[in-house]
Amino acid sequence: MTDTAVESRRQTRPGAPAAPPLRPQNRQFAVLAVLVLLAIPLPLILPSAQGAVAVRILIFLIMAVGWNIMSGFGGMFSFGHAAYFGLGAYTSAYLLVEHGVSPWVGMAAGMVVAAAVAMVIGYFSFRYDLKGAYFALATFAFAEMLRLVTTSSDVVNGAVGYQVPLIQGSSVWQMQFPAGSPAYFWIALVLAGGAVALSILFRHSPAGRYVVAIRDDELAAASVGAPVMRHKLLTVALSGAITAVAGAFYTQYYLFIDPQLAFGSSVSIEAIVTAVIGGIGTIWGPVVGAVIVGSLSDVTATLLATPPEFLSFLQGRSGLDVILYAVMLILIVRLMPKGIFGTLADKISERRRR
Amino acid sequence: MSLLELSGVDKKFRGLHALSDVEMSVSEGEIVGVIGPNGAGKTTLFNVICGALKPDSGSVRFSGTDVTGRKPETIARRGMVRTFQLMRPFASMTVAENVSLAAQHHTRGAARLRDHATEVVARVGLEEWAHRPATELPTAGLKRLELARALAARPRVLLLDEVLAGLLPAEREPVLDLLAELREQDGTTLVFIEHIMAAVMRLSDRVLVLDQGAVLATGTPDEVTADPRVIDAYLGEEPTTDADA
Ligand SMILES: Nc1ncnc2c1ncn2[C@@H]1O[C@H](COP(=O)(O)OP(=O)(O)OP(=O)(O)O)[C@@H](O)[C@H]1O
Ligand SMILES: [Mg+2]
């Protein structure tokens with residue numbers, strides 16, 4: 001054992017683990033700052049095809065951070081985060097196309113709408129004590145309902161959806177740049193960094209600690225004064241708002257949104273798979289998960305578009321990504337039930353305590 | 001005037017009359033022991049007092065206001081805090097985190113919360129375990145954690161559901177001393193459910209005996225243990241000393 005390790009143990013009696021840092025969020029913010037700084041030059045280094053993957057990763061990251069707040073920290077398993085993604089996408093697209101409102105304002109409006117809707121669904125679910133599979137089903141049903149409503153509603157262009165009007169040149173205010181511009185990546189990076197920062201702030205705030213306690217044991221938490229309903233509503237609102245950011249940005253980046261892309265269940269699945277693979281209920285799980293799932297989704301897309309000789313039967317098919325997600329989920333749940341980051345973090349802290 | 005007052009409290013589970021027409025009154029600074037055979041309704045009584053269950057009828061008054069059927073968190077914040085007979089730690093947290101969470105509603109700031117938690121953890125003798133996951137605690141440790149968490153919430157009335165169960169006789173002493181000290185130093189009012197009669201006799205100013213959901217008797221420990229109905233319903237069944245019956 002090294003001298004410093006001996007030193008740090010001397011503070012408590014042998015065998016008893018030392019106190020954790022008083023403000024663990026400080027280290028997490030520092031790690032986040034380093035990650036963001038390292039990522040800044042990426043679009044200038046990467047070939048442009050890889051640049052698109054990097055943006056995809058950041059979109060997955062924002063979705064997974066949003067999902068993780070509600071389902072990881074809060075333990076309320078959502079199978080319908082497409083609802084909030086779609087509300088972000090549709091609110092901003094609607095305001096832009098129909099009223100010429102800047103996508104930034106549209107994004108903020110989308111966050112408000114998603115948060116409000118999340119609180120309404122949440123209120124009724126909690127009021128009638130929907131838990132576990134029933135809660136998941138309710139969220140799924142709600143996202144599906146939104147998909148059907150938008151599909152059949154002329155107010156939002158029905159099944160056709162929205163095309164983002166193209167402008168001349170580039171404009172930060174209009175969030176539009178020439179195809180392949182690194183600006184898209186940088187905007188996504190700011191949004192994703194902001195989402196992670198919010199999630200760190202929330203997790204270590206008094207409210208965030210209550211939320212985790214309520215997840216662990218609702219009655220025990222209430223019995224020491226944790227206001228249960230208020231904190232659950234706060235959690236779902238924050239989760240919905242962050243996920244809406246992903247939807248609004250997605251629309252600007254791909255210049256197009258329709259009911260299936262916005263509210264389809266594959267959106268919900270992507271949010272879940274990303275967080276689960278990285279590690280539910282951790283700060284960095286969604287980050288690790290997004291890098292893996294985002295990259296893989298590109299690999300599968302390429303495979304399907306131009307398969308190598310021996311896989312030629314895949315040509316032009318779809319659904320390979322979903323199969324791959326399923327396989328990865330099974331592997332992760334079997335081998336690393338806390339996700340990649342969660343399991344590694346546990347191993348390290350266990351070793352420290354030895 | 002009494003600090004906690006129950007009148008006509010009734011609670012049924014399907015056909016089972018878990019509490020029937022319970023009257024109870026506890027004054028500020030009093031220590032009240034609650035005894036009774038298994039299934040008498042003692043834990044149910046706490047659940048009703050602290051808002052985990054709504055009574056079918058009757059009322060619970062605390063410090064002059066009606067708190068019947070209020071939410072558990074409201075009641076806890078007003079100053080009635082209970083422990084759980086079947087321990088309910090926050091499984092993802094360390095012992096110290098469990099305790100500091102309970103202090104959150106009256107203390108702000110990471111440093112002050114930590115200091116408060118450290119003090120309470122030491123008070124129940126869990127220092128060695130402070131930064132270990134709560135789930136690693138043995139039963140006796142979990143009982144102490146229940147007590148620590150309730151204490152950290154700064155109760156005016158502390159309701160303890162069998163905190164001595166599972167502790168070795170030698171481990172009970174410091175807990176009993178702590179409970180006595182709580183009244184002396186903090187002026188805490190105590191209501192405690194306990195099967196260990198030695199502890200009940202030593203601590204209680206007054207004892208309430210529940211049997212099949214009804215109050216069978218109340219009085220000083222000596223009065224109650226001499227009551228033939230109590231001996232018949234409860235004390236007679238099991239040895240009051242450590243000798244084998
Ligand atoms: N939530 C519930 N639903 C249905 N029945 C219940 C519930 N809680 C308690 N009971 C029943 O009510 C009766 C009283 O239970 P309670 O737990 O209050 O007894 P107790 O006096 O605390 O017993 P013990 O000494 O074993 O802890 C028991 O018959 C129990 O099975
Ligand atoms: Mg009981």
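Glu184(B) sits out in the open: at 61% relative accessibility it counts as exposed, the label for anything over 50%, with buried meaning under 20% and partly exposed in between (1.4 Å probe, protein chains only). Its side chain meets that of Arg183(B) in a salt bridge, 3.9 Å from N to O, where a salt bridge is a side-chain nitrogen of Lys or Arg within 4 Å of a carboxyl oxygen of Asp or Glu. Arg183(B) is partly exposed, with a relative accessible area of 23%.

A word on the model itself: it is predicted, with local features needing pLDDT of at least 70 and side-chain atom pairs counting only at pLDDT 80 or more, while totals for chains, interfaces and linings use all residues. Residues are numbered from 1 along each chain as its sequence is written, chains are lettered from A and ligands numbered from 1 in the order in which they are written, and side-chain values use heavy atoms, with hydrogens and water left out.

Over all chains, the structure holds 19 salt bridges. One of them joins Arg206(B) to Glu30(B), with the closest N and O atoms 2.6 Å apart. Arg206(B) lies in strand S9 (residues 206-211) of chain B and Glu30(B) in the loop between strand S2 (16-27) and strand S3 (31-35), so this pair ties together parts that are 176 residues apart in sequence. Helices (H or I, at least four residues) and strands (E, at least two) are DSSP runs, numbered from the N terminus. Arg206(B) is partly exposed at 24%, whereas Glu30(B) is buried at 11%.

In chain A, the side chains of Lys232(A) and Glu218(A) form a salt bridge of 2.9 Å, N to O. Lys232(A) is buried at 12% relative accessibility, and Glu218(A) is partly exposed at 27%. Both belong to a network of salt bridges that also takes in Asp129(A) and Lys131(A).

Glu218(A) turns up again in the second largest pocket, where Glu218(A), Val228(A), Lys71(B), Pro72(B) and Glu73(B) lie nearest the centre among 19 lining residues. Helices H6 (103-127), H10 (218-223) and H11 (228-254) of chain A each give two or more residues to this lining, as does helix H2 (72-78) of chain B. The pocket holds about 570 Å³ of space. On a 1 Å grid over the protein atoms alone, a pocket is an open set of points where a 1.4 Å probe fits, with protein on both sides within 12 Å along at least five of seven lines; lining residues have an atom within 4 Å of a point. The volume is the space filled by probe spheres set on the points, which are joined across faces, edges and corners.

Chain B also supplies the protein donors of the magnesium ion (ligand 2), Thr43(B) through OG1 and Gln85(B) through OE1, at 1.9 to 2.0 Å. Thr43(B) is in helix H1 (residues 42-49) and Gln85(B) in the loop between strand S6 (80-82) and helix H3 (95-103), 42 residues apart. Donors are N, O and S atoms within 2.8 Å of the metal (3.2 Å for Na, K and Ca); water is not among the atoms, so sites may look incomplete. Thr43(B) is partly exposed at 26%, and Gln85(B) is partly exposed at 29%.
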